[in-house]
Amino acid sequence: MQTRLPASLLHSAEGQRADAILRRCVHCGFCTATCPTYRLLGDELDSPRGRIYLIKSMLEGEPATRRTQLHLDRCLHCAACETTCPSGVEYTRLLAIGRRWAAERIRRPLPQVLTRALLRAVVPHRRRFARLLRLARRMRFLLPPSLRRQLHVRMDSGAPMPAGRKAKRKVILMQGCVQKSLSPATEAATRRVLARAGIACVTLGAENCCGALNHHLDAEQRALDEARRNIDAWWPQLEAGAEAIVVTASACGLMVKDYGELLAGDPAYAEKARRVSAAVRDPIELLEDCELPPATDGAERLIAFHPPCTLQHGLRLDRRVEDFLRARGFRLVDVRDRHLCCGSAGTYAILQPALSRRLRADKLDKLTREQPDCIVTANIGCQHHLQAATELPVFHWIELLDAPDVRGSWLEREGRSETR
Ligand code: SF4
Ligand code: SF4
């Protein structure tokens, strides 16, 4: 694609990056076929190709309008278009530039400003979020049903750590922000499963949110500060021999994988950020190479796996979890349109609720067609979003390997507690 970005913009690293990405796009439109928002809305401006055109026009000097911002806001950042694109267009990097450009020039309506500020003030802060969740759960009877359904928590069974095997390897286990409150079962199961594989987990209190929320809400400097704080927290352990940073939420894993790129221009952190990014592992990347016993408990269950966009399109670990679970003897159903987003997409469910609900209804329809006993996934956002609209238990796939935990854990919903 030909571009005519002004010379002033082309002098900046960001302008050069945008120009290079735009020039790779040949306008073939293959990406529109796999774009969830284009499939729902049928508007070219809600497709990757249309959004690329909007961003190009803005950067070339066309005025940025609220309409432009709306089409960019509706994008899920799912990267299905990147997987499909034959020209290797880095759409999500271009989108981040376009959104920042628009945010600097368009004043958002007050309700949007307040909602975004509230999200930034609460969600990335582990303690604040935990306190608010506890309060909301106590007051659930005052809340509308739509909010009440967001309050379920995936509790840990409290099973003891497996004894007897001395850990020869050590990893940092990232705790994240919301997962610790919404699904303590995930971290506990990961510790036990890795311990069985001879890997000890270290957790660090100084660590904070990965920065994804601020990054996607155009608060770039805050996101970079969060990245720097995490690097400072993890660095001594990496220097002391921790072989990897294990991140159980694929959205956070993708963000940390990007630290090297995001901090490349910071002389104090560029090298450390590059090393941190290289050390990030989704649990599947560690467990594939470990000796673990085949499934015994729970292998009779029929399982539907939902691959988060950040796992399949972002981290490019498509099919790895399914193949691993099948090889261990678990029974997985085939799910149609598995490449499509469930509508969670970070804060999308809150900022674009109508589209998000339609995507979730479609996803749950596909996931439950063969009447599975449970749904497993690899990201807390998808897990929580799907769980809010189904009676089936939804949890991280690593709990399947921690079978006693799956049988004994509790799923609390709207004040009820159910043993699964
Ligand atoms: S982003 Fe890729 S698939 Fe989409 S129009 Fe451009 S070149 Fe074609
Ligand atoms: S990131 Fe997802 S929603 Fe956004 S344009 Fe690409 S495919 Fe469509």
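**Close-up views of a predicted model**

**View 1. Helices H14 and H17 are roughly perpendicular to each other.** This is a predicted model, as are the views that follow. Two packed helices are described by the angle between their axes and the distance between the axes. For helix H14 (residues 220-239) and helix H17 (residues 270-279), the angle is about 75° and the axes lie 10 Å apart. An angle of 65 to 115 degrees counts as roughly perpendicular, and the pair is therefore described in that way. H14 contributes Ala227, Ile231, Trp234, Trp235 and Leu238 to the contact, and these meet Lys272, Ala273, Arg275, Val276 and Ala279 of H17. Sorted by class, the contact holds 8 nonpolar and 2 charged residues, with no polar ones.

**View 2. Four strands form an open sheet with parallel pairing.** Across the sheet, the strands follow the order S3-S2-S4-S5. Strand S3 (199-202) and strand S5 (280-281) are the edge strands, each pairing on one side only. Strands of a sheet pair through backbone hydrogen bonds, either parallel or antiparallel. Strand S2 (residues 169-173) and strand S4 (residues 245-246) are joined in the parallel sense by 2 bridges. One residue to look for is Ile172, whose bridge partner in S4 is Ile245.

**View 3. Helix H12 lies across strands S2 and S3.** The helix covers residues 184-196. Relative to S3, H12 runs at about 145°.

**View 4. Domain 1 and domain 2 are in contact.** Domain 1 takes in residues 7-105, and domain 2 takes in residues 291-419. Taken over C-alpha atoms, the centres of the two domains are separated by 30 Å. Each domain gives 13 residues to the contact. On the side of domain 1 that touches domain 2, helix H3 (36-41) and helix H6 (80-84) are the elements that give two or more residues. That side of domain 1 has 6 nonpolar, 4 polar and 3 charged residues.

Key. Residues numbered from 1 in each chain as written. Chains lettered and ligands numbered in written order. Predicted model: local features only at pLDDT ≥ 70, side-chain atom pairs only at ≥ 80, totals over all residues. Domains from an automatic or database assignment. Contact = placed C-beta atoms within 7 Å. Nonpolar A, V, L, I, M, F, W, Y, C, P; charged D, E, K, R; others polar. Pairing = 2+ DSSP bridges. Axes fitted to C-alpha atoms, helices over the stretch in contact; angles between N-to-C directions. Parallel < 35°, antiparallel > 145°, perpendicular 65-115°, else oblique.
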